[in-house]
Amino acid sequence: MSAFAQPTVVLGNLFATEFPELSVPWQAEQAPAPQLVVLNEGLAGELGLDTAFLRSEEGVRLLLGGAVPAGAAPVAQAYAGHQFGWYSPRLGDGRALLLGELTDVEGRIRDLHLKGSGRTPFARNGDGRAVLGPMLREYIVSEAMHALDIPTTRSLAVVATGAHVQRESVQTGAVLARVAGSHLRVGTFQYARNTNDMDLLRRLADHAIHRHHPAAAGEDNPYLALLRSVITAQASLVARWMLVGFIHGVMNTDNMTISGETIDYGPCAFMEGFDPGTVFSSIDETGRYAYRNQPPVAEWNLARFAESLLPLIHPDQERGVAMAVEALEGFRSQYSAAWSEGMTRKIGLSHATSGEDGTVLVDELLAIVQEAGADYTSFFRKLGQAARGNAAPARGMVLDLPRFDRWLASWQAANPDADAMDKVNPAYIPRNHLVEEALSAASGGDTGPVAALLEAVTSPWLERPGFERFAEPAPDGFGPYRTFCGT
């Protein structure tokens, strides 16, 4: 590992220093022929990083973990997790490294993390590498989520390594450099709790409070307050996923953050035809992480977080359990409130004025849309046209026209705000056929489709001439869609 004198890049070693029990010092695998594929210049600016430097040979080496500033201490983080309901006590960054912490231009501490940087002691049977397609998928989808105002890790760059990686076929190796508020997960707390080291667990909880939920520090029981804060953050996050039809695909406890950010875009996708049972992940054979199951799974994951915190919440286990259960009972009401408010906004009504009538309108509309299997994103965008007096585009997407017309009359009587609808119903999402088209082209050396798709989805609310194809559902021949985690 080499160092360079680049004064604009300063990486802290906060996690590495404070939690040696939860990390292993490690170095990234050397890349034989690195090539920068895509750089997020806007995010680089937020981080105070020089884009010209990042595009240089030494900057690309930083993005691969091969050259880090003096004082940095890259580590592979340890965590446990329930994967599809089964507990694994030792997971960790099998193909990833936390390079360190950056302080952005607003003074916020943010992790700089690599994915696909080579085998670590947590790699188990994996090769520690990533391939170009899945890393570009995470780049595209995470930046789309950010543009949709959904808390998420961000993608700084994708670098092709020049290595050949064996998957179903030989593919191009790549590393994703991503940025997050932190990489603390429910699984991090499960790992710490499993050590039976109460000092470690307390230090980790204090770190999470200081970094993400500082208001909890002033509460009489800061660790119960931490639990409540994470419940609130996750209730809001999952509601936002549901409102745009996003399906994470692998909601294991090691993929749930303490910060409330979306993390680990593996077999994720956006639902097109509205079907609450939609599953995209090739490994989710039982539908555990289907669209409709995301709220109850989030609640289940939060219960595992509560179990990890129990010794800190109260020294008497029975009392601690009662306090945790009471806190967990708040998830459903908070999620329901966030979902209801979001859905009433999607149909152009004020949550404060719609009340029970708004709930009835939402429920009836979703039943109509589900019956037709209508494209979720397109339908709500076209419903905005109906609010302006042109109901034909939305009517053309449903099957039971008399039922829809009755709904339409009731809805229009409530005076929906079409302009407000356009601010919450995106015109452009990373549609699955367009993502696959872009990834295929990039694998062949053409990154033009990736750039075009990013231009569309990072300004999702504004319809623009020449972008019509980015708003269209998949063609009939696209067929059932399956996603893969890329390992």
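Student: What should I keep in mind about the model and its numbering?

Tutor: This is a predicted model, in which local features need pLDDT of at least 70 and side-chain atom pairs count only at pLDDT 80 or more, while totals for chains, interfaces and linings use all residues. Residues are numbered from 1 along each chain as its sequence is written, and side-chain values use heavy atoms, with hydrogens and water left out.

Student: How do you know that the span of helix α8 agrees with its number of residues?

Tutor: Helices are DSSP runs of H or I with at least four residues, strands are runs of E with at least two, and both are numbered from the N terminus. The expected span of a helix is 1.5 Å times one less than its number of residues. For the 23 residues of α8 (residues 222-244) that gives 33 Å, and the end C-alpha atoms are 33 Å apart, so the two values agree. After α8 comes Gly 245, with a positive phi near 80°.

Student: What makes α8 largely enclosed by the rest of the structure?

Tutor: A residue is buried under 20% relative accessible area, exposed over 50% and partly exposed in between, with a 1.4 Å probe and protein chains only. In α8, 17 of the 23 residues are buried, so the helix is largely enclosed by the rest of the structure.

Student: Which strands pair with β10, and in what sense?

Tutor: Two strands pair if DSSP finds at least two bridges between them. Strand β9 (residues 154-166) runs antiparallel to β10 with 9 bridges, and the two form a hairpin with 3 residues between them. Strand β10 itself (residues 170-180) is mostly covered, with 8 of its 11 residues buried.

Student: Why is the pair of Phe 274 and Tyr 291 called edge-to-face?

Tutor: Rings of Phe, Tyr and Trp (its six-membered ring) pair if their centres lie within 6.5 Å, and planes under 30 degrees apart count as stacked, over 60 as edge-to-face and the rest as tilted. The structure holds 16 aromatic pairs. For Phe 274 and Tyr 291 the centres are 6.3 Å apart and the planes are at 80°, so the pair is edge-to-face. Both Phe 274 and Tyr 291 are buried. Phe 379 and Phe 380 also form an edge-to-face pair, at 5.7 Å centre to centre and 85° between the planes.

Student: How do you know that Phe 379 and Phe 380 are buried?

Tutor: Phe 379 has 0% relative accessibility and therefore counts as buried, and Phe 380 is buried with a relative accessible area of 1%. Ring pairs link both into a cluster whose members include Phe 274, Tyr 291 and Trp 407.

Student: What makes Lys 346 lie over the face of Phe 380?

Tutor: A charge sits over a ring if NZ of Lys or CZ of Arg is within 6 Å of the ring centre and within 35 degrees of the ring normal. Lys 346 lies over the face of Phe 380, at 4.7 Å from the ring centre. The charged end of Arg 469 sits over the ring of Phe 470, 5.6 Å from its centre.
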